[in-house]
Amino acid sequence: MLVVLKAKLKDILNTLAEEYKVLVPAKIEDTSKFISYKDNVDIILDENVKLSPKDVFFPQTEKMYKMKTVKTSMELENITDEAGKKLLFGVRSCDMKSLDCFDQVFLTKGYIDEFYKNKRDSVVTIALSCSQPMQTCFCSAMGVDSQKAVGADVQAYDLGDKIGLEAISDEGSKVIELIKGQLTEEGAEVPQPGEFYLKVDADGVSEKLNGMFESPIWDDVSKKCLNCGACTYVCPTCHCFDISQEVRGENVTKYRCWDSCMFGEYTQMAGGHNPRPTKKERVRNRFMHKLNYFPDRYNMLLCTGCGRCINVCPVNLDITSVIKQIKEAE
Amino acid sequence: MVDLTLEIRKTAKELLEKGEAKVVLGWEKGNFPYSTTPVFIDKPEDTERLIWDEYCINNLALYMLDYKHLDGKVGIFVKGCDSRGINRLVQDKQLDREKVILIGLSCPGMKDEKKAKELGPNADIPMAQKCQDCRYPDPVVYDVFLGEKQNKKVPEKIDTSDVEEMETKSPDEKYRFFTTNYEKCLRCYACRNVCPACNCKECIFDQTATGWLAKANNVSNNMFFALTRAMHVGGRCIECGECERVCSVNIPIMLLNKKIIKDINFLFGDYDAGLETEERLPLGGYDYTDPEEFM
Ligand code: SF4
Ligand code: SF4
Ligand code: SF4
Ligand code: SF4
Ligand code: SF4
């Protein structure tokens, strides 16, 4: 395996930055997320970032196009993404899996979301294995291998004071080619992941939910929920959006922005009716979507076990407890 | 706290068995040593789930909004901050005091859950910021009291040294401070939804059709949200610190709340919200002696 000392990581990133716009997981302003690589950023390798990389592909607010009224007609103007390839370094397996989920939503079933596709096509990924799961991680229970990510161009391995690198795709081989001179060949093995603290058995949960739309557990599960959007906004797989516009005189900018099924306003109809009037229906939707509707449509869970929702929930509504409750329900 | 846990269970059980309360709100253990989660008990046999430990930090008062129309009474365990939250709702005419049975608990100060996550299992976990700043750990109102009161001498005045420090900064520095913070705001509204003073039936931020606040996430919209939220709870904020505790991206929300409290104290005389329910709110009425330099 080709390896590099963690202490020399920045040399490699510097080389890659000549070719790509490099994004790295870093501590910033009392939180952490993927930011543009610069020599002085505080890269974190010992835990996953608090805010998922989904905004690289699906920004919280994304301008779509502009309109301008000219007398009695209207001119449309496209908004193009900044040119150039991006490279995401250090994406964990759970977040790579969430990109797999996003691909299903935005690129399959005969519909292509151009906004997403443009961004997705311009990003090369270097996934990074986890040596020690964080306390809230439960990816293995959701069928994600923390040592080998799906869809990565390069798989990196955390080898203690070194990082091992393995090209997976053609794009990945190009990346390795660029930094080859800075890597050494060593007989390292794919590491074993540490023990997971959170344990849950999610087998069969999707099928079990088939008859549970009217189950009394939703009353119970939802009572403590505040219907904030924290869990869905930090979730790497949640992908709901709303389309709105900014109007300034004759100029209109259409944009889309994240929305959350936890908000009452999300299902508010123009006539005043709301089909999900209380927290019960909203919480039920969140878990049904993740664990039943999505698997039904795309044959995969819409939860990667990253544990972020557990981390931010103000009232500790824990998805692993909900899964257990579903499985134990009569 | 173990003994008190047993007493809590016993009290809750009696309330439910005698039919005095239809449901009892307390805390149960979460999946981590450092987590608890609100629990709603309606069967006497379930009272075994209740616990009282150094992580029972959630202010439960706001849940009373969900029980406004319940036919029957609700029992609720209250620490100092929770009890002020109950007063908040009563004074705001959101809750009929007769409908709740308050079971008071003197709070030793809860530990910081976020720090516990970071520091790991064997570390010495510091007290949560909101508890370090708390001046009323004993409930200010209750029907039953369990355990012993601390009668801890509260500092006379709220500590606003952080606000004062911010006030000495130049406008540019202040602007930079608030913009870097609110640039990262997700607008998840956890701070609003956890707040017992945020009890409007329909929040201004949910009325997106009006165009008051666009859904687009950018620093100007986010600051409009933050300032409006802080002003809406001005004079009613009970300093429970829940908003700051739950912020997904660690924005120091209390700084704004405390600035408003400090100004109110200066302009209208010292006022601690949520200590009682009869007095007129400092921003809720007009008085001939009110300053009005701006007119
Ligand atoms: S539901 Fe929670 S654990 Fe699952 S992917 Fe989303 S944030 Fe991660
Ligand atoms: S959930 Fe799994 S892949 Fe994601 S950070 Fe934790 S251990 Fe790594
Ligand atoms: S973060 Fe927790 S309280 Fe907020 S909507 Fe999600 S589950 Fe409910
Ligand atoms: S604004 Fe914050 S400190 Fe004040 S009452 Fe609301 S949650 Fe508590
Ligand atoms: S909790 Fe924090 S991130 Fe969420 S809306 Fe409030 S200030 Fe913004």
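These are legends for close-up views of a predicted model.

**View 1. Ligand 1 and the chain A residues around it.**
Start with the run of neighbours in the shell of ligand 1: C303(A), T304(A), G305(A), C306(A), G307(A), R308(A) and C309(A) are among them. F138(A), C235(A), P236(A), K290(A) and I319(A) also surround ligand 1. Sort the shell by class and you get 7 nonpolar, 3 polar and 2 charged residues.

**View 2. Ligand 3 in its chain A surroundings.**
Here the shell includes C225(A), L226(A), N227(A), C228(A), A230(A) and C231(A). C313(A), P314(A), V315(A) and L317(A) belong to the shell of ligand 3 too, and so do M262(A) and R286(A). By class, the residues around ligand 3 come out as 10 nonpolar, 1 polar and 1 charged.

**View 3. Ligand 4 and its shell in chain B.**
Look for C237(B), I238(B), E239(B), C240(B), G241(B), E242(B) and C243(B), which are among the residues surrounding ligand 4. The shell also takes in C195(B), R229(B), V233(B), M254(B) and N257(B). Which helices each supply at least two residues of this shell? Those are α9 (242-246) and α10 of chain B.

**View 4. Helices α8 and α10 of chain B where they cross.**
Helix α8 (residues 219-232) of chain B and helix α10 (residues 254-268) of chain B have axes that come within 10 Å, crossing at roughly 45 degrees. That angle is why α8(B) counts as oblique to α10(B). The crossing is right-handed. On the α8(B) side, the contact uses A226(B), L227(B), R229(B), A230(B) and M231(B); α10(B) brings L256(B), N257(B) and I260(B). In class terms, that contact holds 6 nonpolar, 1 polar and 1 charged residues.

**View 5. Helices α3 and α4 of chain A packed together.**
In this pair, helix α3 (residues 93-107) of chain A packs against helix α4 (residues 114-121) of chain A at an angle of about 140 degrees, and the axes are 9 Å apart. So α3(A) is oblique to α4(A). Left-handed or right-handed, how does α3(A) pass α4(A)? The crossing is left-handed. From α3(A), the residues L99(A), F102(A), D103(A), F106(A) and L107(A) meet Y116(A), K117(A) and R120(A) in α4(A). There are 5 nonpolar and 3 charged residues in this contact, but no polar ones.

**View 6. Helices α1 and α5 of chain A at their crossing.**
The axes of helix α1 (residues 9-17) of chain A and helix α5 (residues 170-179) of chain A come within 9 Å, with a crossing angle of roughly 115 degrees. That makes the two, α1(A) and α5(A), roughly perpendicular. Their crossing is right-handed. I12(A), T15(A) and L16(A) do the touching for α1(A), while V175(A), L178(A) and I179(A) do it for α5(A). Class by class, this contact has 5 nonpolar and 1 polar residues, with no charged ones.

**View 7. Where the domains of chain B meet.**
Chain B is split into domain 1 (5-146) and domain 2 (161-284). Their C-alpha centres sit 24 Å apart. How many residues of each domain are in contact with the other? Domain 1 of chain B puts in 23 residues, and domain 2 of chain B puts in 26.

Terms used. Residues are numbered from 1 along each chain as its sequence is written. Chains are lettered from A and ligands numbered from 1 in the order in which they are written. This is a predicted model: local features need pLDDT of at least 70, side-chain atom pairs count only at pLDDT 80 or more; totals for chains, interfaces and linings use all residues. Side-chain values use heavy atoms; hydrogens and water are left out. A residue is near a molecule or strand if one of its heavy atoms lies within 4 Å of it. Ala, Val, Leu, Ile, Met, Phe, Trp, Tyr, Cys and Pro count as nonpolar, Asp, Glu, Lys and Arg as charged, and the others, Gly among them, as polar. Axes are lines fitted to C-alpha atoms, for helices over the stretch in contact, and angles run from 0 to 180 degrees between N-to-C directions. Helices (H or I, at least four residues) and strands (E, at least two) are DSSP runs, numbered from the N terminus. Angles under 35 degrees count as roughly parallel, over 145 as roughly antiparallel, 65 to 115 as roughly perpendicular and the rest as oblique. A crossing is left-handed if the near helix is turned anticlockwise from the far one by less than a right angle, and right-handed if clockwise. Contact means heavy atoms within 4.5 Å. Domain bounds come from an automatic or database domain assignment.
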